[in-house]
Amino acid sequence: RQAVLRRPAAKPLEDFRSVEKLKDGLRKQHGVGLILLEDVPDRMTLEELLQKDHIMLPAEIAGPACKTAAAIRSLHARRRLFTGIHSLDSCAAGNAVWERHLLPRSQEV
C-alpha cells in the first residue's frame, strides 16, 4: 500500500489582510496595540501575525509608543537625506520609547 502525501489546505484569499488592517482590528475589537519586533510581509493572516515576535499592550500605551518610534524613524530618514549620515543609535531610540512611554504607562495599568 502506497502512502499519499497531501498538502495542507490553502487558506482562502480573504483570510489574508494587510498587517495594518489586522492591527487596527485588534485595537478596535479588543483594545490592544501590537508592537512588532521583526519584519513581516505586507499581507498575512491574523494567525501568522500573532506567531511573529511581538508585544501586545493596551492600545493607550502602544499607540503613543508607536508614534514616538515613527517620529524617530522619520527624523533619522531626514537626517540621512540631508547629511548622508546613515547611523542611528537604535538602542538609544528604543530606550527612549521604553523610558518615555512603555515603562511609565505599564505601571499605571
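Reader: Where does D24 fall by its relative accessibility: buried, partly exposed or exposed?
Author: D24 has a relative accessibility of 32%, a value from a predicted model in which local features need pLDDT of at least 70 and side-chain atom pairs count only at pLDDT 80 or more, while totals for chains, interfaces and linings use all residues. Residues are numbered from 1 along each chain as its sequence is written, and side-chain values use heavy atoms, with hydrogens and water left out. Buried means under 20% relative accessible area, exposed over 50% and partly exposed in between (1.4 Å probe, protein chains only). D24 therefore counts as partly exposed.

Reader: Which residue does the side chain of D24 meet in a salt bridge?
Author: A salt bridge is a side-chain nitrogen of Lys or Arg within 4 Å of a carboxyl oxygen of Asp or Glu, and for D24 the N to O distance is 3.9 Å.

Reader: How many salt bridges does the structure hold?
Author: K23 and E20 both lie in helix α1 (residues 19-30), three residues apart, which is about one turn of the helix. The number of salt bridges in the structure is two.

Reader: In what order do the elements of the protein run from the N terminus on?
Author: Helices (H or I, at least four residues) and strands (E, at least two) are DSSP runs, numbered from the N terminus. The protein has four helices and four strands. From the N terminus on, their order is β-α-β-β-α-β-α-α.

Reader: Which strand pairs with β2 over five bridges?
Author: Four of the five residues of β2 (residues 32-36) are buried, so this strand is largely enclosed by the rest of the structure. Two strands pair if DSSP finds at least two bridges between them, and the sense of this pairing is antiparallel. V32 stands opposite P58, and the strand that pairs with β2, spanning residues 54-58, is β4.

Reader: What is the C-alpha to C-alpha distance between G33 and M56?
Author: G33 has its place in strand β2, and at 10% relative accessibility it counts as buried. Contact means heavy atoms within 4.5 Å, and G33, leaving aside neighbours within four places in sequence, is in contact with I55, M56, L57, P58, A59 and A62. G33 and M56 are 23 residues apart in sequence, and their C-alpha atoms are separated by 5.7 Å.

Reader: What is the relative accessible area of T68?
Author: T68 has its place in helix α3. Not counting residues up to four places away in sequence, T68 touches V97 and H101. T68 is buried, because its relative accessible area is 16%.

Reader: What is the area of the nonpolar surface patch made by L46, L50 and M56?
Author: Patches are made of residues with over 30% relative accessible area and no salt bridge, with like charges joined within 9 Å and nonpolar side chains (Val, Leu, Ile, Met, Phe, Trp, Tyr) within 5 Å. L46, which has its place in helix α2 (residues 46-51), is partly exposed, with a relative accessible area of 35%. Accessible areas come from the Shrake-Rupley method with a 1.4 Å probe, and for residues only the protein chains shown count as cover. The patch made by L46, L50 and M56 has an area of about 230 Å².

Reader: What share of the 109 residues in the protein is buried?
Author: The protein exposes about 8,500 Å², of which carbon and sulfur atoms supply 54%. Buried residues make up, of the 109 residues in the protein, 22%.
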